[in-house]
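Dear colleague,

I am passing on the structure below, followed by an account of what turned up when I went through it. Please read the account with the coordinates open beside you.

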Amino acid sequence: MHLVCCFLCLLPFLAIAQSDQIGGQFCQESKGLSSERRMANPKARIAYPGDATIDVTYYGLDLYLTHTPNYLRGAATITLKSLAPALTSFFLDLNSSTTTTGEGLRVDSVRAGNQLLPYQFSQNKLTITPAQPLATGQVLTLTVFYQGIPNSRDLGSFRFSTHERSTDPAIWTLSEPYGAPDWFPCRDSPSDKADSSSVRITAPSRFVSVSNGILVNTTDNPDGTRTYQWRNRYPIAQYLISVAISNYERYDTPFTFGGRTMPVTHYIYPEVLPLVRANLDLTPQLLTLFSARFGPYPFLSEKYGHAQIGRGTGGMEHQTISSMEEAALTPNVIAHELAHQWFGDYITCRDWQNIWLNEGFASYAEAVYAESTSGKAGYQSTMNAFATRARTARGSIYVQDISNFANIFNSSRTYAKGAMVLHMLRGVVGDSTFFRILQTYTATPSLAYGTAVTEDFQAVAQQVSGRNLADFFRQWIYSEGYPTYKATILSSTLANMATVRLEQRNAIASNPASFTMPVQIRVESAAGDTTVTVQNDRVDQTFTLPTRGPITGITIDPDNWILKAAEPAQVVVTATSEPVLGLVRVYPNPATDVLTVDFSTFVTGPVTLLLTNSLGQRVRMLAEPSLSPGKYTLTFNVRGLARGHYTLSIQTPNGSQSQVVVVL
Ligand SMILES: [Zn+2]
């Protein structure tokens, strides 16, 4: 989903980007369940209501629609499996409320074959009693006959409307997140995807009726109506089933992939098509781009396309047929909704708390698109705009309160900060590993055409990168805020090294208190700059860094890989003209048996040498409770360690330094 209005609202923020970067001010939102408890037991999440004793495997909607008067007659055929032994009754979600103008739905009957099933319809539940109790795994197919004028909420549910530029009628749906039960009985949870679906629409014959999947048949009926029969053979979440009906003009821009041609079909209001045709023409090249970055388009046997709907809706990634208002038919929103076909439709967030797996990814895809057209500068400018919005985010990306639309689809948190998380992950693991993570995620059999939560994505990211990313996901998904860095240069008489104190002065108390991130520091001198990456994991840390000459300046995270604010660096002349930690020499490197470490300290205190593997696990440690200033040599036995890259770090009360060593 993409709210076009948010993009317009953004413009004032862009103007204050610079001052915001320095100020880093935002308010704190109350925290719900602690992330620690939630992480400890991921199964303890609050599931969205819906009958957990059933598993829906098929939705078949047969809809008869008129616009004069506005009216829907429906027959919803649902196949479901019992998940409980001896299931005597179960419920489907269906909105039972009636507005003061008498709008709403009524249920006429529920049938299984020729048999009428007893039901009760109240409080938004259609409770059904099967003829016999259902055993675990037993399948039941039933049809609910209903009619009325559906309720609408949020951006849509079900709307009888008109074009903006004419009085021609348009009828359309937009169910995300909670609108599906406003127009058909379902299990209203993204966790329960059906294996397939079909939508049959009968409406006045001057209309074109559009839905998911392939158009298998159209029939002209004697009463002046036309029936469109759409069939989708891929798994689908209830909120991705859609209907869009109007006097559309059809426009085709087919996509060829691996020698096969897939239809890409746009259903646009006739008066709008000439205005947006050039943008629609971009769709096949976007399909090519995202297939290369994310894996093959997931619905290749069917189609992709757009169906135009009413103003104020933005874009919505209905499976194989995104619904778009006119203002959303821009390259950026076309890219966003297309990316959702991978992230949202093919892999669906299992619950609305994890909506960033849909929206953060689709937003990030806008930067992938910018990178493809405008290179690194285009990518960075898109990400910098996201960063500006993300700094205003309140609360954790993991949505604590899913009770209302605005809180789930929060632009600065779910979209902008969600996109920044992927950008930061790319910064941590590097370009090629990052795109391998995305492609491995989409190729994971247990997630493909299914659902995911953050831990599923984290597991893939860890497996592909070989890194422990627990801190990364905990602080960026389950905590809030971002680090504000302050660097102080402690002057040194040595020309080839500088001591830098890096502090985090974070505006929001995060949990843990500091952010753990690899931070790039560019050390500037008249003889040239050096950029080094330090592992920053405390609010106050000192690093000894190599320089090419006397230090003239310093820049924290010069390429903006981190969502952060930075205070101006300061130069402080220390009382001692010596650094607190001398140059460390590690040899031989690569090592086979013994690793020798030479170092100097300039203050008295404890010194710890740590050797950690690529997962961040400690494999060797030497701790000296108190060392006087001087030169020291310590040795590690590295026999028996697995071949590979290790990090040797030396920590003193006033400084730390790390270096990569190879064990053969
Ligand atoms: Zn979206």
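This is a predicted model: local features need pLDDT of at least 70, side-chain atom pairs count only at pLDDT 80 or more; totals for chains, interfaces and linings use all residues.

Phe290 belongs to the largest nonpolar core, which has 169 residues, and together with Leu142 and Phe457 it touches the most other members. The element that gives the most to this core is helix 7 (residues 356–390), with 14 residues. Apart from that core lies another of 19 residues, including Phe599, Val607, Leu648 and Val661. As general background, nonpolar side chains in soluble globular proteins tend to be buried together.

The metal site comes next. The zinc ion is coordinated by both N and O of Met1, by NE2 of His336, by NE2 of His340 and by OE of Glu359, at 2.0 to 2.4 Å. Along the sequence these donor residues follow the spacing M-x334-H-x3-H-x18-E. Distant parts of the chain are linked here, since methionine 1 sits in the segment before helix 1 (4–15) and histidine 340 in helix 6 (residues 331–340), 339 residues apart. Methionine 1 is buried, with a relative accessible area of 0%, and histidine 340 is likewise buried at 0%.

Aromatic pairs number 37 in the structure. In one of them, tyrosine 248 and tyrosine 269, the ring centres are 5.9 Å apart and the planes stand at 10 degrees, so the pair counts as stacked. Because tyrosine 248 lies in the loop between strand 15 (244–246) and strand 16, and tyrosine 269 in the loop between strand 19 and helix 4 (273–280), the pair ties together parts that are 21 residues apart in sequence. Both tyrosine 248 and tyrosine 269 are buried. Tyrosine 364 and tyrosine 379, by contrast, have centres 6.0 Å apart and planes at 80 degrees, so this pair is edge-to-face. Tyrosine 364 is buried, with a relative accessible area of 1%, and tyrosine 379 is buried at 4%. Tyrosine 379 also has arginine 426 lying over its face, at 4.7 Å from the ring centre, while arginine 293 lies over the face of phenylalanine 435, at 5.5 Å from the ring centre.

The peptide bond from threonine 68 to proline 69 is cis, with omega near 0 degrees, and proline 69 is in the loop between strand 1 (54–67) and strand 2 (70–82). Tyrosine 587 and proline 588 are also joined by a cis peptide bond, with omega about -10 degrees. Asparagine 124, although not a glycine, has a positive phi of about 65 degrees, and it is partly exposed, with a relative accessible area of 38%. Serine 157 likewise has a positive phi of about 65 degrees, but this residue lies in strand 9 (residues 157–162) and is buried, with a relative accessible area of 0%.

With kind regards

Methods. Residues are numbered from 1 along each chain as its sequence is written. Side-chain values use heavy atoms; hydrogens and water are left out. A nonpolar core is a set of buried Ala, Val, Leu, Ile, Met, Phe, Trp, Tyr and Cys residues joined through side-chain atoms within 4.5 Å. Buried means under 20% relative accessible area, exposed over 50%, partly exposed in between (1.4 Å probe, protein chains only). Helices (H or I, at least four residues) and strands (E, at least two) are DSSP runs, numbered from the N terminus. Donors are N, O and S atoms within 2.8 Å of the metal (3.2 Å for Na, K and Ca); water is not among the atoms, so sites may look incomplete. Rings of Phe, Tyr and Trp (its six-membered ring) pair if their centres lie within 6.5 Å; planes under 30 degrees apart count as stacked, over 60 as edge-to-face and the rest as tilted. A charge sits over a ring if NZ of Lys or CZ of Arg is within 6 Å of the ring centre and within 35 degrees of the ring normal.
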